[in-house]
Amino acid sequence: MARRGAAALVLALALLAVAPARVGARGAAVEDPNDDIQETWSLEPSYARREPEPEPFSPPLPAGPGAGERGPRPPQPRPPKKATTKPKKAPKREKLAPQTPRPGCPPLGLETLKITDFQLHASTSKRYGLGAHRGRLNIQAGINENDFYDGAWCAGRNDLHQWIEVDARRLTKFTGVITQGRNSLWLSDWVTSYKVMVSNDSHTWVTVKNGSGDMIFEGNSEKEIPVLNELPVPMVARYIRINPQSWFDNGSICMRMEILGCPLPDPNNYYHRRNEMTTTDDLDFKHHNHKEMRQLMKVVNEMCPNITRIYNIGKSHQGLKLYAVEISDHPGEHEVGEPEFHYIAGAHGNEVLGRELTLLLMQFLCQEYLAGNLRIVRLVEETRIHILPSLNPDGYEKAYEGGSELGGWSLGRWTHDGIDINNNFPDLNTLLWEAEDRQNIPRKVPNHYIAIPEWFLSENATVAVETRAVIAWMEKIPFVLGGNLQGGELVVAYPYDMVRSLWKTQEHTPTPDDHVFRWLAYSYASTHRLMTDARRRVCHTEDFQKEDGTVNGASWHTVAGSLNDFSYLHTNCFELSIYVGCDKYPHESELPEEWENNRESLIVFMEQVHRGIKGLVRDSHGKGIPNAVISVEGVNHDIRTASDGDYWRLLNPGEYVVTAKAEGFTSSTKNCMVGYDMGATQCDFTLSKTNLARIREIMEKFRKQPVSLPARRLKLQGRKRRQRG
């Protein structure tokens, strides 16, 4: 064992030595055919491997008991109207592109909400909706910007006395500040320069110096791109304050920010220990670029070769393969009677948390299966699971280059050719609803398996290659249930995503299976550590607690051509959007906690694929009938059998009248009971051929065409008329 551990250590050191060379080639779009070398997992996060830093400076600690508590501040002296000497400015930096922060202290958590509203204070604010609690990096404003949810902290006055501060609630080594302007469609507000101060008691403040004068940090030149400023020397204190010195000429003092800092150990701080989150899972908690993601998949496949398979569903615009991992006891084949499930992540390339959660999930399933975890073993043996971690790898590579804090809200969201994959599917809702409004009899548009319009299939259509790839994937595999992981919120959205009424942007628009979708959404939200917590702060503007962390997509905001709606109307798959975190791209130090937040939910949601009824539709000879229609009385949405005649219909507990029908066969109806226990109810059907189908079969057997009676009758009538004439 000692030799094996030493060999692993030598291999890990060798890989770390060549890491800089790999980073230099990260921007390449076309994949390297020689990059199949395995990499050793490092359980030490990159932020923990720090470079030597200057000796930190610490302001004097408060004297006397209780001096560290907040108290009334003494009046601040007003500066002279004209300064006799100008303070020294920090060296001017190029801002052509966001810079990735070097390995060091992680963010304190303004964006992830780890820093609470009570820890943020400001000198003044314009109104409550622009208070200090809104000064968080990447926070988004509401539709109406004059409400309680605006897009920044904005000072009540534009002068040099304004400030916003963070109480870390413990001694912290502060190393940097990241700032943004105000998120607004109409206004342009940002801070162009500022000072940084620290304190241990919130009364006595020490300003960061640049030589003998106060250091002036260069701020933003527009409102959305984050700008990082590192402190010349780390500062150890409890409080940190940002003091704007200049701002955009036509705007106001408004800013969003994140603080970089390392909390110092304090075993006596009960508040901190009570809120610590740790994980016991031995997983690879780091961000993976495309090459590292593929290597990780290979490691999982080599650990569990009997239950995993790696494949790709196509390529991105830049030529990166869209890799997926299948987890099943018989990988590579569809087992009759076994439902198919999928997770998709990374449709928006900058929503990285879902991508990393799926990579952690495949590691976890492999490890727990090998460990004999009965719950996981049962799930793997009774379900065919597909995990597609990165649907938009081109967008992810852009976000990865920007980094977890400096990519802003949208860098990498779209594909390389500027398409939002999540809204790039054909709009089948309009076809269905127009047909229902016209009351077409016989029905020209079915209530399921609606065909894709011809214009969408043409080469000139504005359709991403990634979209075409995932459509072909969903048409090939008979998925029953799926979840697409997204970021920037904490909620589960279920279809429809598009409003039915014209000219409306928000309207509750349920599907015929609304009760099932509500349960599926709640199964994830209720087992998440935070989604249904009534005490948690809203991420940006929306409070989803009234529906227990779930929302109908159209009642939130209308979207035409969404993946959820397309999946429901074109395939058998019930698809939901799962927004897994407020921070789209959290620092990798946050990944263990985010995994703990979502782990149980990810597993519970997969288990819901076994809820409802399942069965086989066969002919009188026992052969499966493909493409047979399964209808449930009272639910205006049908599904169809797979190529082997097997089907799965998601339903809530209750008694249902179910009918199976297929072309050339007489229909069959049964009562099927769905219980509360996990596991779908078996409900099989045997269909007999119709008399006409039997006649046709006999005639074809003897190489004769079936007689068409109406045509035969017309032919005889014509012959009689000719004879009379």
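Q: In which loop is Asp 548 found?
A: Asp 548 sits in the loop between helix 10 and strand 17 (550-552). Helices (H or I, at least four residues) and strands (E, at least two) are DSSP runs, numbered from the N terminus. This is a predicted model, in which local features need pLDDT of at least 70 and side-chain atom pairs count only at pLDDT 80 or more, while totals for chains, interfaces and linings use all residues. Residues are numbered from 1 along each chain as its sequence is written, and side-chain values use heavy atoms, with hydrogens and water left out.

Q: Why is Asp 548 called partly exposed?
A: A residue is buried under 20% relative accessible area, exposed over 50%, and partly exposed in between (1.4 Å probe, protein chains only). Asp 548 has 38% relative accessibility, so it counts as partly exposed.

Q: What makes the backbone of Asp 548 worth a note?
A: Most residues other than glycine have a negative phi. Asp 548 is not a glycine, yet its phi is positive, about 55°. Asn 138 also has a positive phi, about 70°, without being a glycine.

Q: How do you know whether Asn 138 is buried or exposed?
A: Asn 138 has a relative accessible area of 2%, so it is buried. Its place is the loop between strand 1 (120-122) and strand 2 (153-154).

Q: What is noted about the peptide bond between Pro 495 and Tyr 496?
A: Most peptide bonds are trans. The bond that joins Pro 495 and Tyr 496 is cis, with omega about 5°. Tyr 496 lies in the loop between strand 16 (489-494) and helix 10 (514-525).

Q: Why is the contact between Glu 326 and Arg 309 called a salt bridge?
A: The term needs a side-chain nitrogen of Lys or Arg within 4 Å of a carboxyl oxygen of Asp or Glu. For Glu 326 and Arg 309 the N to O distance is 2.8 Å, so the pair passes the rule. Glu 326 is in strand 12 (residues 321-327) and Arg 309 in strand 11 (residues 308-315), so the bridge ties together parts 17 residues apart in sequence. By this rule the count comes to 33 salt bridges.

Q: Are Glu 326 and Arg 309 buried or partly exposed?
A: Glu 326 has 0% relative accessibility and therefore counts as buried. Arg 309 has 28%, so it counts as partly exposed.

Q: How do you know that Lys 584 and Glu 351 meet in a salt bridge?
A: Their N to O distance is 3.9 Å, so it falls within the limit. This pair links distant parts of the chain, 233 residues apart: Lys 584 is in the loop between strand 18 (574-581) and helix 13, and Glu 351 is in the loop between strand 13 and helix 4 (352-370). Both Lys 584 and Glu 351 are buried.

Q: What makes Arg 127, Asp 150, Arg 182 and Asp 189 one network?
A: They are joined by salt bridges that share partners.

Q: How many aromatic pairs are there by the ring rule?
A: Rings of Phe, Tyr and Trp (its six-membered ring) pair if their centres lie within 6.5 Å; planes under 30 degrees apart are stacked, over 60 edge-to-face, and the rest tilted. The count by this rule comes to 22 aromatic pairs.

Q: Why does the pair of Trp 473 and Phe 479 count as edge-to-face?
A: The centres are 4.9 Å apart and the planes are at 65°, so the pair is edge-to-face. Trp 473 and Phe 479 are both buried.

Q: What makes helix 12 mostly covered?
A: Eight of the eight residues of helix 12 (residues 563-570) are buried. Among them are Leu 563, Phe 566 and His 570.
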